[in-house]
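Colleague: I would like a close look at a single part of this model, with its surroundings taken in turn. Please keep to what can be read from the coordinates.

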Amino acid sequence: MPNLEQKEQIVKDIEKKLQDATLVVFTDYRGLNVEEMTSLREKLRVPGVEYKVLKNTMVEFALKNTGHEDIIPHTFGPNAVLFSNEDPVGPVKSIYEFIKQYKKLEVKAGILEGQAIAPEKIKSLADLPPREVLLAQVVGTMQAPITSLAYVLNANLSGFARVIDQIREQKQAS
């Protein structure tokens, strides 16, 4: 059993993870066997993502110290916590793909950029397209007016060139 100083250090580590993370997701892993948990951890093994089983009392102290008391009622029972420091969408997609496959994991609550979010909002995060696709859509949206302007200008120039060409043909014919 860790002594008080070790427990305080564990709480401080969890607090730091809570503060640094873009997304924190609390999940109930009851019913998962070792093989399934290992499979989930492998899916979540990407840079900036951590998935850990943590003691509720330690998590509760860390949540209180970071101002997230509203999450505490959702952390009863066994918890595995996902911390994502970078992309909030990718890890959530992995969790929901796992849930679809095994139907054993339950998302309890989350924290997105310092704000508590319900499981439904976490699910809607999973439904977002990947970051690269979103960036491509933004660039495409920004590029559309420029492309339209280029087509309009090109149409005017080509129309002008056709008129000049027709005048030239008429003068050659006469």
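In what order do the five strands of the open sheet run, and is the pairing parallel or antiparallel?

Modeller: The model is predicted. Its five strands form an open sheet in the order β2-β3-β1-β4-β5, and the pairing is antiparallel. At the edges stand β2 and β5 (115-117), each of which pairs on one side only. On average, neighbouring strands of the sheet are turned by 20° against each other, direction ignored.

Take β1 (23-28) and its partners next. With β3 (80-84), β1 pairs in the antiparallel sense over five bridges, and F26 has V81 of β3 as its bridge partner. With β4 (residues 106-112), β1 pairs, again in the antiparallel sense, over six bridges; here L23 has L112 of β4 as its bridge partner. Further along, β4 and β5 are joined in the antiparallel sense by three bridges, and the partner of G110 in β5 is I117.

In a regular strand, side chains alternate between the two faces of the sheet. β1 is covered on both: L23, V25 and T27 are buried on one side, and V24, F26 and D28 are buried on the other. That makes six of its six residues buried.

The largest nonpolar core has 22 residues, and V25, Y51, L82, V92, I95 and L105 touch the most other members. At least two residues of this core come from each of β1, α2 (34-43), β2 (49-53), β3, α4 (89-102) and α5 (119-126). The largest share, six residues, is supplied by α4. Apart from its neighbours within four places in sequence, I95 is in contact with V25, T27, L40, L44, L82, L105 and V107. A second, separate core of 17 residues includes V11, I14, V81 and F83.

Two of the helices named above also meet each other. The axes of α2 and α4 come within 10 Å and cross at roughly 150°; the two helices are therefore roughly antiparallel to each other. Their crossing is right-handed. From α2 the contact is made by E36, S39, L40 and K43, and from α4 by S94, I95, F98, Q101 and Y102.

Conventions
Residues numbered from 1 in each chain as written. Predicted model: local features only at pLDDT ≥ 70, side-chain atom pairs only at ≥ 80, totals over all residues. Heavy atoms only, no water. Core = buried A, V, L, I, M, F, W, Y, C linked by side-chain atoms within 4.5 Å. Buried < 20%, exposed > 50% of the residue type's maximum accessible area, 1.4 Å probe, protein only. Helix = DSSP H or I, 4+ residues; strand = E, 2+ residues; numbered from the N terminus. Contact = heavy atoms within 4.5 Å. Pairing = 2+ DSSP bridges. Axes fitted to C-alpha atoms, helices over the stretch in contact; angles between N-to-C directions. Parallel < 35°, antiparallel > 145°, perpendicular 65-115°, else oblique. Left-handed = near helix turned anticlockwise from the far one by under 90°.
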